[in-house]
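Here's a quick tour for anyone meeting this structure for the first time. Have a look at the sequence and the 3D view, then read on.

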Amino acid sequence: MNLIALVNNNDEIVGYEDKLKVHQDGLLHRAFSIIVFNINNEILLQKRASTKYHSPGLWTNTCCSHLPKNQRFYVYMRNRLKDEMGLDCELEFKFKFTYKAEFPNGLIEHETDHVYFGYWNGTPEINPEEADDYKWISIKDLKKDMNINPENYTYWFKEILKENDYFAF
């Protein structure tokens, strides 16, 4: 069983439940999204593995996951970034937001997503169980493509870009 943190509307942990059940029942849970920038202010995107149980094959932020039971949030985020993309960098909290989205396969994401930024230069070593591909892209080009091809991006990543001023240009 893969237990992740359930939260209330104040983002306080109220218990733990199996990740699949959480997504089947649409229970509010804690998540994080990491966005890594390089020296050119480009964002490192990953294309979610085609084997993912929801949103497979879609472009999204550098790394994302949920808070498992018995894990420290910041330490776990850094470990996931290493596991998914083969890189490590300091992470800075920027904002959080709550959303709910239903997917064609019947699963529901209902999460409070904590968004962190990091800065790193190099070539990632992606984990094929997590990502099929990656690319560095400017914010301008990303927003242009997201407007033309919104179906190619994850729901939460589109929300991250539209719900704040960090990506204004």
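Helices (H or I, at least four residues) and strands (E, at least two) are DSSP runs, numbered from the N terminus. This is a predicted model, where local features need pLDDT of at least 70 and side-chain atom pairs count only at pLDDT 80 or more, while totals for chains, interfaces and linings use all residues. Residues are numbered from 1 along each chain as its sequence is written, and side-chain values use heavy atoms, with hydrogens and water left out.

**Salt bridges**

- Searching the whole structure turns up 12 salt bridges, a salt bridge being a side-chain nitrogen of Lys or Arg within 4 Å of a carboxyl oxygen of Asp or Glu.
- One of them joins the side chains of K21 and D25, at 2.5 Å from N to O.
- K21 and D25 sit four residues apart in helix α1 (residues 19-25), which means about one helical turn separates them.
- K21 is partly exposed at 36% relative accessibility, and D25 is partly exposed too, with a relative accessible area of 41%. Here, buried means under 20% relative accessible area, exposed means over 50%, and partly exposed is in between (1.4 Å probe, protein chains only).
- E130 pairs up with K52 in another salt bridge, with the closest N and O atoms 2.4 Å apart.
- E130 is in the loop between β8 (108-119) and β9 (131-137), and K52 is in the loop between β4 (43-48) and β5 (59-60), so this pair ties together parts that are 78 residues apart in sequence.
- E130 is buried, with a relative accessible area of 11%, whereas K52 is partly exposed at 21% relative accessibility.
- In helix α2 (residues 73-85), R80 and D83 are three residues apart, so about one helical turn lies between them.
- R80 and D83 form a salt bridge, and their closest N and O atoms are 3.1 Å apart.
- R80 counts as buried, with a relative accessible area of 13%, while D83 is partly exposed at 36% relative accessibility.

- What does E84 touch, not counting residues up to four places away in sequence? The list is Q46, T62, C63, C64, E125, I126, N127 and E130, where contact means heavy atoms within 4.5 Å.
- F73 is in helix α2 as well, and F73 is buried, with a relative accessible area of 15%.
- Leaving out residues up to four places away in sequence, F73 touches R30, A31, F32, L67, H114 and Y116.
- F73 and N149 are 76 residues apart along the chain, and their C-alpha atoms are separated by 33 Å.

**A buried charge without a partner**

- D18 belongs to strand β2 (residues 13-18).
- D18 is buried yet has no salt bridge, and K19, the nearest side chain of opposite charge, is 8.6 Å away. For charges, Lys and Arg count as positive and Asp and Glu as negative, with His and the chain ends not counted.
- Apart from residues up to four places away in sequence, D18 touches M1, N2 and L3.

**How two helices cross**

- The axes of helix α3 (residues 139-148) and helix α4 (residues 155-162) come within 12 Å and cross at roughly 125°. Axes are lines fitted to C-alpha atoms, for helices over the stretch in contact, and angles run from 0 to 180 degrees between N-to-C directions.
- Are α3 and α4 parallel or oblique to each other? They are oblique, because angles under 35 degrees count as roughly parallel, over 145 as roughly antiparallel, 65 to 115 as roughly perpendicular and the rest as oblique.
- The crossing of α3 and α4 is left-handed, meaning that the near helix is turned anticlockwise from the far one by less than a right angle (clockwise would be right-handed).
- L142, K143 and M146 in α3 meet F157, K158 and L161 in α4.

**Positive phi angles**

- Most residues other than glycine have a negative phi.
- D11 is not a glycine, yet D11 has a positive phi of about 65°.
- D11 lies in the loop between β1 (3-7) and β2 and is buried at 8% relative accessibility.
- S55 is not a glycine either, and its phi is positive at about 55°.
- You'll find S55 in the loop between β4 and β5, where S55 is buried, with a relative accessible area of 7%.
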